[in-house]
Amino acid sequence: MFLTISTTGSPERPATDLGFLLHKHPGKAQAFSTSHGTAHVFYPEASEERCTAALLLEVDPVALVRRGKGKGRGGAPDAALAQYVNDRPYAASSLLSVAMAAVFKSALNGVCRALPDRVQESLPLRVEVPALPARGGVELARGLFGPLGWARVDAVAVPLDERFPQWGDSRYVRLVLEGEMRLVDALRQLYVLLPVLDDAKHYWVAPDEVDKLLRAGEGWLAGHPEQKLITSRYLSRRWGLTRQAMERLELVRLAESDDLEVESLDNAVDETTDTEERPVPLAERRREAILTALRSAGAARVLDLGCGQGQLVQALLKDARFTEIVGVDVSMRALTVAARRLKLDRMGERQAGRVTLRQGSLSYTDRQLKGYDAAVLSEVIEHLDLERLPALEYAVFGAARPRTVLVTTPNVEYNVRWETLPAGHVRHGDHRFEWTRAEFGAWARQVAGRHGYEVDFLPVGPDDPEVGPPTQMAVFTTAAADTEKTHGKTHGRTDRESGEKTKEAKAA
Amino acid sequence: MTTTPRTTGATRRLPVTDLSLVVLIGATGSGKSTFARAHFKPTEVISSDFCRGLVADDENDQSASKDAFDVLHHIAGKRLAAGRLTVVDATNVQSESRKQLVRLAREHDVLPIAIVLDVPEEVCLARNAQRPDRAGMPRHVVRRHRSELHRSLRGLEREGFRKVHVLRGEEEVAAAEIVLERRYNDLRHLSGPFDIVGDIHGCSSELDTLLGKLGYVDGAHPEGRTAVFVGDLVDRGPDSPGVLRRVMSMVAAGNALCVPGNHENKLGRYLEGRKVQHTHGLAETVEQLEREDAEHPEFRKEVAEFIDGLVSHYVLDGGKLVVCHAGLPEKYHGRTSGRVRSHALYGDTTGETDEFGLPVRYPWAEEYRGRAAVVYGHTPTPTASWLNNTLCLDTGAVFGGRMTALRWPEREIVDVPAERVWYEPVKPLTTEAPGGREGRPLDLADVQGRRTVETRHMGRVAVREENAAAALEVMSRFAVDPRLLAYLPPTMAPTATSREKGYLEHPAEAFAQYRADGVTRVVCEEKHMGSRAVALVCRDADAARARFGTGGAPHAAGGAGGPTGALYTRTGRPFLDDAALTETVLDRLRTAVTAAGLWEEWDTDWVLLDAELMPWSLKAGGLLRSQYAAVGAASGAVLPVAGEALAAAAARGVDVGALAARQRERVVDAAAFTDAYRRYCWDTEELDGVRIAPFQILAVQGRSLAAVPHDEQLAWLDRLVEHDPTGLLQVTRRLVVDTGDEASVRSGTDWWLEMTGRGGEGMVVKPLGALVRDAGGRLVQPGIKVRGREYLRIIYGPEYTRPENLERLRSRFLGHKRSLALREYALGLEALDRLADGEPLWRVHEAVFAVLALESEPVDPRL
């Protein structure tokens with residue numbers, strides 16, 4: 001990883017003053033040991049007219065991986081670091097930022113004993129970072145450096161592989177900044193913005209990180225239009241820590257064994273791509289509709305199958321008529337988030353006794369799901385491949401057989417009404433299908449017919465005269481005669497058993 | 001009920017059923033603990049004193065009795081549930097305490113047996129006096145115990161004890177000897193072979209035909225096989241007496257076993273003179289028996305005795321087989337109680353009646369997860385088919401269906417058609433019966449939580465809860481239909497780390513390892529750098545439906561006919577997103593199998609094969625771009641600029657020599673890295689550019705081929721490739737090496753050097769014999785990968801070959817990876833064996849799921 005800082009000068013104000021300002025002699029190549037490798041400072045050119053200082057950090061990739069050994073999988077906070085195949089030796093990331101802080105400590109603090117006045121003066125500066133990882137690409141690089149007073153902000157995307165032009169650009173940007181700027185400001189900007197652009201930190205962040213940001217951001221951060229993004233990304237460690245704690249290493253390994261990025265497996269919890277939430281709080285409407293349907297069905301013991309992050313469970317808990325609420329999800333991450341949202345560990349015993357969260361899968365029958373008043377499958381079926389839907393159907397309607405089943409799913413016809421949704425796109429990356437009202441209706445009626453349920457349909461959200469509501473809901477109810485039967489079925493056995501016990505108790 | 005006669009003098013033999021709850025009864029100090037120690041294993045005995053100690057730190061703390069007995073009952077319950085003889089050492093002189101134990105025995109369907117130690121008061125007192133902790137026991141306690149005991153004695157049998165042994169006085173106690181008796185239903189020592197015959201219902205002619213077809217001559221089998229009748233010999237049909245005569249004589253001659261059906265039970269009650277309704281075909285039997293009376297007046301009595309002597313069910317062949325009339329859940333196997341008998345004869349019903357007025361049978365077989373095969377009858381079904389290791393043999397012979405038998409252990413079904421409809425069925429033979437249902441469901445209990453999977457090649461393999469949880473998520477959200485997911489490939493361990501200069505992996509260690517394992521002949525197979533792909537190819541959609549039960553989904557992949565197989569990755573995900581393209585791949589494979597004549601050669605309608613699908617970029621595109629190409633791009637962007645800067649500094653006379661040299665090496669390494677990953681990337685359009693290199697045929701109908709030597713395997717595979725006109729299939733180059741022959745080993749090494757020198761990924765060394773054990777009987781690794789020097793840059797980073805990096809990377813630990821590879825291998829073999837044996841879906845799925853779960857164990861991902 002590498003960057004250069006250049007300036008120009010004249011006999012009165014020689015460019016080589018840069019050496020004084022950086023506290024590094026232009027005639028020498030110096031090496032400094034930092035926590036992640038050796039930082040070298042040398043000057044490719046150093047004359048009165050032009051002077052360029054280069055900072056090169058030699059990262060030890062093996063040490064980078066092995067550092068965290070013993071703490072799980074590498075134990076490193078940044079997932080990428082656990083790989084030997086790692087861009088850190090090449091890309092200008094937070095490692096370079098840390099090296100800068102160590103090597104150019106005085107300059108960053110605005111201290112120069114030799115030329116104290118020059119510190120406060122602007123210089124004609126040119127900064128070049130040939131490989132800067134930028135999540136957000138060229139636009140963000142420009143957006144971050146543009147407002148800082150540089151005359152020229154030149155950000156060019158680096159292609160991934162010229163052999164495969166169809167792969168497009170990499171996340172690296174070649175950045176050149178030119179303009180009149182105090183050196184201390186330029187260094188502080190780089191110190192903060194390199195890791196912000198990279199958006200991945202390599203070290204566990206200490207509590208003093210806020211102070212560091214405030215110090216380094218002095219004079220330029222407060223008025224920056226992207227201040228919010230800069231702050232949140234720079235302080236991303238808090239998020240990072242949370243995420244780390246929740247990291248499902250088992251899933252990481254399964255992804256690795258199948259040559260996948262972990263995001264493609266561990267994606268059960270992701271609200272960011274849900275376009276639905278924005279125009280109307282549709283999720284809220286959905287919960288209301290579900291609660292209303294459950295109440296009118298007189299359900300007390302309720303299954304939330306595919307409970308996700310537990311929003312519905314939370315709503316159900318607020319109504320005492322729901323005496324037993326079971327949230328089931330296949331994603332352990334979702335269940336962890338749900339437990340945290342519900343504050344299960346701090347809930348009073350009586351409340352906590354009403355709610356259970358556990359892992360389950362509707363690809364399998366599950367004895368523990370039998371005997372409930374109602375089951376809710378809210379925005380669940382569309383996350384299943386169509387050919388696996390019959391297994392879910394059997395598990396719910398054939399085996400568990402709650403008296404009432406509520407199923408909600410997007411109405412694909414309504415998608416034309418989402419302004420943000422490109423034509424032909426599904427609403428969520430993991431939706432395996434989205435149905436029209438007719439398709440959903442046909443499926444629901446078949447299911448009802450096969451398993452002895454009656455089904456009604458209710459719109460959720462504004463019922464557009466042309467394309468219908470954004471969400472469609474089916475309310476399945478066991479056919480009247482069958483209600484008796486299922487009751488007999490579920491209670492018949494226990495009755496017999498308890499009958500036997502009573503007899504024996506009498507005999508005793 | 002038996003009460004042993006009171007004899008004096010020599011040894012008293014006390015029969016005790018080998019699975020029972022033995023309740024010792026006696027006053028404090030009567031010597032119960034001594035008696036228990038003398039006659040039972042220490043672990044079989046649970047004493048109330050011990051339990052008092054557990055809960056209260058004091059074996060004599062009477063205030064802790066309630067808790068102590070809770071513990072005692074809990075332990076006893078666990079033991080009985082596990083089928084273990086259990087002895088309760090407590091005074092048990094009060095009827096209330098005994099009642100609880102009798103109930104406990106009944107709950108677990110075992111016999112309660114009472115052994116009473118009735119010794120004189122003085123003896124009890126003397127014994128207590130010798131024990132410091134009981135020295136203060138007052139006389140009135142002993143006296144009370146003894147009087148309670150004497151009051152109880154007469155009622156013990158009424159309380160439910162099936163055997164009561166009373167030992168009076170010290171002498172009798174000392175002379176007693178416990179004799180363990182086998183339960184009547186325990187015939188585990190008989191291994192047959194058996195021919196299990198389904199419901200007969202008086203169809204004597206069909207029975208004769210079937211016995212003939214099974215090879216019986218005059219009721220005996222020349223090879224000494226034993227017939228087993230599942231009951232319902234009588235009623236409805238034309239000749240129940242004929243059937244009875246045949247079966248009774250075979251049983252009497254020791255050529256057959258027979259369990260009672262509900263119809264025998266009813267006939268028995270009729271013959272005892274009880275009042276029964278002459279419905280469901282009993283009228284016919286009664287009439288036929290009346291016709292017998294004239295010629296054989298004794299026959300009725302013989303039949304009554306025969307029926308009376310029938311045992312509700314049998315556990316046979318080392319516990320692998322259970323035969324009964326109406327099916328039996330696992331917890332009742334080998335148990336003795338009224339409800340076990342009732343279940344064995346009548347089965348479980350839901351309490352409802354169907355539209356024909358018949359009781360609705362509880363689908364116990366759907367929930368059955370037991371290890372023993374349960375073979376039964378009772379419920380007429382159109383065809384006999386296995387469901388969860390259970391088989392119903394009632395194929396409605398009397399209703400004009402077939403009479404069916406099962407050869408055991410061959411698991412071969414033999415049947416004969418009915419000669420006519422002898423009796424009109426009340427309702428049609430429906431597919432609602434167990435086994436006829438669609439979508440035999442998998443249950444969460446088959447896979448969730450901490451589990452162990454029994455494998456034939458490696459014993460029990462454990463799956464931890466967190467790994468099962470991860471597998472559940474991937475299996476549920478991403479995998480193909482589990483019915484088509486009959487196998488997942490195991491991970492493979494790399495060769496031991498090489499000390500060879502410049503190399504992390506080298507063939508020498510692989511050959512040496514196999515030599516050490518006693519494997520002389522190994523085959524080196526070129527390692528294709530693509531992605532693992534498992535293909536299930538069926539002859540057509542019908543074959544897939546028939547064998548794998550697919551095609552039920554209205555919107556299923558592969559169009560209206562349903563899929564003709566599956567193509568999936570090493571975690572069970574569909575390899576290609578496009579179902580139509582998958583079908584095209586399957587079709588090309590199918591065409592090759594057909595052209596090579598392998599359907600016939602293998603006598604199969606489907607084949608499961610393991611392959612590598614190329615290019616790597618096809619599936620790993622995302623990873624390639626985000627990780628591998630990214631590193632190439634970053635290095636390509638920075639290194640030249642840094643190089644120029646260093647050159648400029650050097651030109652100014654600044655000493656940057658060593659750093660510049662290192663940077664120059666970095667440029668070379670980075671370029672080599674980029675070259676390395678690029679070799680595995682190329683563009684594809686539909687199937688243009690896609691290649692599949694099959695390397696093992698895993699299984700076909702009825703056979704796992706995982707143990708077929710690799711030279712035979714490769715010969716099949718070559719034929720496949722040869723018969724693929726489309727160029728999709730690719731040959732795997734190979735070389736056989738003798739690990740004991742230096743020259744041969746050298747040629748193997750040279751072959752590898754040459755291949756990897758040209759950029760090849762490397763090779764896999766496998767024992768030629770495929771499934772091989774070492775001298776100690778342990779499985780040897782089924783394959784060891786030896787990866788090429790350049791390829792490893794993709795794994796260990798561009799600069800891994802620098803000496804200081806290599807040295808550190810050499811300290812890698814292979815132990816866990818090797819163990820994981822073997823465990824996954826054993827599970828994979830198990831899945832294939834279960835598939836080949838036609839075992840139920842959940843059994844195959846259990847092993848496949850475990851492979852996926854183990855894949856999430858923490859192991860160095862670079863190995």
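The legends below describe close-up views of a predicted model.

**View 1. Overall build of chain B.** The secondary structure of chain B consists of 28 helices and 33 strands. Along the principal axes, its C-alpha atoms occupy a box of roughly 115 × 80 × 55 Å. Chain B has 863 residues, of which 51% count as buried. Contacts in chain B between residues at least 6 apart in sequence join residues at least 24 apart in 74% of cases.

**View 2. The two assigned domains of chain A.** The domain assignment divides chain A into domain 1 (2-203) and domain 2 (281-486). Taken over C-alpha atoms, the centres of domain 1 of chain A and domain 2 of chain A are 52 Å apart.

**View 3. The contact between chain A and chain B.** Chain A brings 76 residues to the contact and chain B brings 77 residues. On the side of chain A that touches chain B, the largest share comes from helix α10 (residues 249-257) of chain A, with seven residues. By residue class, this side of chain A holds 38 nonpolar, 16 polar and 22 charged residues.

**View 4. The open sheet around strand β26 of chain B.** Five strands of chain B make up an open sheet with antiparallel pairing, in the order β27-β26-β28-β29-β30. The edges are taken by β27 and β30 (703-704) of chain B; each has a single partner strand, so one side of each has no neighbour in the sheet. Strand β26 of chain B pairs with strand β28 (residues 606-614) of chain B in the antiparallel sense, over eight bridges. In this pairing B:V537 has B:V607 of β28(B) as its bridge partner, and B:A533 stands opposite B:A611. β26(B) also pairs in the antiparallel sense with strand β27 (residues 565-568) of chain B, over four bridges. There, B:A566 in β27(B) is the bridge partner of B:L536.

View 5. Strand β26 (residues 531-538) of chain B has eight of its eight residues buried. On one side of β26(B) these are B:S531, B:A533, B:A535 and B:V537, and on the other B:R532, B:V534, B:L536 and B:C538; both faces are covered. Helix α19 (residues 579-595) of chain B lies across β26, β27 and β28 of chain B. This helix runs at about 65 degrees to β26(B).

**View 6. Two cis peptide bonds in chain B.** Most residues other than glycine have a negative phi, and most peptide bonds are trans. The bond joining B:W408 and B:P409 is cis, with omega about 10 degrees. B:P409 is found in the loop between β20 (402-408) and β21 (412-417) of chain B. A cis peptide bond also joins B:M614 and B:P615, with omega about 0 degrees. The loop that holds B:P615 lies between β28 and α21 (616-651) of chain B.

**View 7. Two aspartates of chain B with positive phi.** B:D57 is not a glycine, yet its phi is positive, at about 60 degrees. Its place is the loop between α2 (48-56) and α3 (65-81) of chain B. B:D57 counts as exposed because it has 9 C-beta neighbours inside 10 Å, the limit for exposed residues being 12 or fewer. B:D235 also has a positive phi, near 80 degrees. The loop between β11 (226-229) and α10 (240-252) of chain B contains B:D235. With 28 other C-beta atoms within 10 Å, B:D235 is buried, since 20 or more are required.

View 8. In soluble globular proteins, nonpolar side chains tend to be buried together. The largest nonpolar core has 279 residues, of which A:L55, A:L132 and B:V848 touch the most other members. The most residues in this core, 18, come from α21(B). Domain 1 (2-203) and domain 2 (281-486) of chain A both contribute residues, so this core lies between them. Leaving out residues up to four places away in sequence, B:V848 touches B:L485, B:A486, B:Y487, B:L488 and B:A831. Another core, of 65 residues, lies apart from the largest one; among its members are B:L207, B:Y314, B:V375 and B:W422.

How values were computed
Residues are numbered from 1 along each chain as its sequence is written. Chains are lettered from A and ligands numbered from 1 in the order in which they are written. This is a predicted model: local features need pLDDT of at least 70, side-chain atom pairs count only at pLDDT 80 or more; totals for chains, interfaces and linings use all residues. Domain bounds come from an automatic or database domain assignment. Two strands pair if DSSP finds at least two bridges between them. Two residues are in contact if their C-beta atoms, placed from the backbone, lie within 7 Å. Ala, Val, Leu, Ile, Met, Phe, Trp, Tyr, Cys and Pro count as nonpolar, Asp, Glu, Lys and Arg as charged, and the others, Gly among them, as polar. Axes are lines fitted to C-alpha atoms, for helices over the stretch in contact, and angles run from 0 to 180 degrees between N-to-C directions. A nonpolar core is a set of buried Ala, Val, Leu, Ile, Met, Phe, Trp, Tyr and Cys residues joined through C-beta atoms within 7 Å.
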